[in-house]
Amino acid sequence: MYTERTAVGLDVHARSTMAWALDGATGEVFTERLVPATTEILAWLRRLPGPVAVAYEAGPTGFGLARALEEAQIRCVLVAPSKMERPAGDRVKTDRRDAERLAKLLRLDELPAVRVPTIDQEGARDLTRARDDVRADLMRARHRLSKLLLRQGIVYCGGKAWTEAHHRWLTGHHFEHLGLRVAYDEALEAVLALEARRDRLDAAIAELAAQPAWAPVVARLACLCGISTLTAFGLAVEIGDWHRFTGATIGAYLGLVPTEDSSGPTRRQGSITKTGNTHARRLLVEAAWHHRRPYGHPSVALRARLDQVPAPVRQRAEQGNRRLHQRWAVLDGRRKRSTIAVVAVAREMSGWCWSLATMDP
């Protein structure tokens, strides 16, 4: 509930910050273009009639300003830009108008806020996203290397690719032409370097996931098929506080619910919204593919993870694994495309993840 005297809207950019403030007692308006230095912004806010409340949109500048305002005991609302409504007839957009709009909506308590993670949570999230970036880079580097060999008519037929045997086969190639030899050596070196980076990040993630702040949630999430320690830690750091949601609302947060354009008696649904956390959504969709196979014989690794959790957690996880496979079977029986079915399973899987993550230890 808004109780402060002065409402401030900030339009924050990398090299400038536009501030617009409204004194609710006198109606006086204050505007200023500031440099994006936290100290200068705080100094300007302290000159305003207090108490002060601030709102600005979340973006690439991070959460440093929000944490500084909280430390200075100034209430800050970090706004979700994707949920900000704009009138259809509003065709003029400037920094000043954006800041003014934020301040006025702040006074009305009509701003959709996002959660500000702690420094530890943000650091863990940056680690998992760095690993995701390396995964994508490694995939591209492998494609470049394999296609370079394919252009020379060389194809690996000795089994599964990117195993130790495949690596020995790759290092055994030598080309006489200087240009081809240098290009191949550079492409192979890029693959090996990225694999080393991936392994270092995996080791760091495993070490961090074992810490008390993350270990209980990671252990419970890893009881579901398709969710290893790496995926469980990624979901834990991306979601953060699981108690913000329910089993019915977490799917909407992850963008796994269908879009809808209904009016009157007509109901029209389309593809999923794809809003919210992209990284967590990708992890769930990848994990959902593992539930297409029957759960009757869990893997050795999954059985080991199940043995490490209490009996109520193990019982609920096994119930979820059976339910998710049953969901796959029903969708396959209805001849749904697998790409559509896996999203439906991922949506239900998000609810089971929430159920496990919020269980009492």
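Q: Helices (H or I, at least four residues) and strands (E, at least two) are DSSP runs, numbered from the N terminus; which helix gives the most to the lining of the largest pocket?
A: In this predicted model, where local features need pLDDT of at least 70, side-chain atom pairs need 80 or more and totals for chains, interfaces and linings use all residues, α4 gives the most, with 4 residues. Residues are numbered from 1 along each chain as its sequence is written, and side-chain values use heavy atoms, without hydrogens and water.

Q: What makes a residue part of that lining?
A: A pocket is an open set of points on a 1 Å grid over the protein atoms alone, with protein on both sides within 12 Å along at least five of seven lines, and a lining residue has an atom within 4 Å of a point. The largest pocket has 30 such residues, with A80, V114, Y253, G276 and N277 closest to its centre. At least two lining residues each come from α4 (119-151), α8 (229-239), α9 (250-253) and α10 (278-288).

Q: Which residues lie nearest the centre of the second largest pocket?
A: Of its 21 lining residues, L230, T231, R282, L283 and E286 lie nearest. Here α4, α8 and α10 give two or more residues.

Q: What makes C353 buried or exposed?
A: Buried means under 20% relative accessible area, exposed over 50%, partly exposed in between (1.4 Å probe, protein chains only). C353 has 2%, so C353 is buried. C76 has 24% and is therefore partly exposed.

Key
1 Å grid on protein atoms, 1.4 Å probe; cavity = no way out; pocket = protein on both sides within 12 Å on 5 of 7 lines; lining within 4 Å.
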